[in-house]
Amino acid sequence: MARNVLILGASYGSLLATKLLMAGHNATLVCRKQTADLINRDGTEVRIKLRDEATHRSIVSRDLPGILDAAEPADVDLSRYDLVGLAMQEPQYASPAIQLLMNKIAEAKLPCLSIMNMPPLPYLKRIPALAKMDLEQAYANAAVWERFEPGLVSLCSPDPQAFRPPDEAANVLHVGLPTNFKAAPFADETHNLLLRELEADIDAVRLDGQDVPVKLKVFDSMFVPLAKWSMLLTGNYRCITPQEPQSIRDAVHGDIDLSQSIYRHVDAIAQRLGADPADQVPFEKYAKAAESLLKPSSAARAVAGGAPAIERVDLLVKLISHQLGVPNAEIDRTVQIVNQKLKQGITTGETGAPRAVPVAAT
């Protein structure tokens, strides 16, 4: 049976949508009118490199068995959907049109699977050690999440690295690192059965007889997506420097011993919250993957372009570590640098210079 999935965010969200379409399911991408018109006219194109192939394959939505459409937030009919995917950058949920749609999604009690780097607050409230912590200041607008039942919100680690090529249309996405989405469970087993149905259907897809990377992997542990925090704090946010942004590779390998200490500290925080070491990714595996990440993270690119806000997993981890009584000087330093650069971006924006908006969860 074809499932209908609503995905907020047409950039990184187009990767999840493409995987669903390939498996015969249907997806709606929520985005601005200009992008929605483009997608409804031309579809999407996602470029993925298959195993042992030298070049990327272009996977065009119009050629796939599932049906894709796009809509502005005000035009969404929630009665059509079985699942909601949250694929925008966290600050974008603060826009009035998106906030109104989010209120309707909460009232409809639809299960929501986030593929944001920034975990939704209702998901964090499902973790006993975090339920009473003061974490709201890490969010652009924490009120967006107030109406959601925690058990209806889960998190999927957005490990695949992808970006919009800057010289191409808004319906094109290039996958640089085709790893897997790793999902934590919902509270209701009915919703977990839906996730596992999608997992099996995506896993069964073949392209010219070959397996297609970027799977949906569903786990029993609530803590599997927290493994991404170590990667973000070691690599992505350290791409933001007082000067020009650096690549993830340089952020990680510029001082490998320091990177390892940060990585292991964040791993230890996740374990304090309840994660099993088996839920986490060894530093050596991450460091090896980082060797091929030759661009700055999307957060660093956005800050360099003058964006006034980005997802603040760095600040979230700092708040958690301080409230657990295990602060880390390097994490605090990273947060200070990001704060300073964002303030510079706001100042630049006030002078009328153009600003960049983050578009992909990398």
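The side chains of D159 and S157 are joined by a polar contact of 2.5 Å. By polar contact I mean a pair of N or O atoms within 3.5 Å, where within protein one must be able to donate a hydrogen and the other to accept it, and residues adjacent in sequence count only if both atoms are side-chain atoms. K182 also makes a side-chain polar contact with the side chain of D159, at 3.3 Å.

This is a predicted model, with local features needing pLDDT of at least 70 and side-chain atom pairs counting only at pLDDT 80 or more, while totals for chains, interfaces and linings use all residues. Residues are numbered from 1 along each chain as its sequence is written, and side-chain values use heavy atoms, without hydrogens or water.

Where is D159 found? In the loop between strand 8 (153–158) and strand 9 (161–163); strands here are DSSP runs of E, at least two residues, numbered from the N terminus. Buried or exposed? D159 counts as buried because its relative accessibility is 9%, and the cut-off for buried is under 20% relative accessible area with a 1.4 Å probe, protein chains only. Beyond four places in sequence, the contacts of D159 (heavy atoms within 4.5 Å) include Y12, L177 and K228.

Strand 3 (residues 45–48) and strand 10 (residues 172–177) run parallel, joined by 3 bridges, and E45 stands opposite V172 in strand 10.

Technical notes
Helix = DSSP H or I, 4+ residues; strand = E, 2+ residues; numbered from the N terminus. Buried < 20%, exposed > 50% of the residue type's maximum accessible area, 1.4 Å probe, protein only. Pairing = 2+ DSSP bridges.
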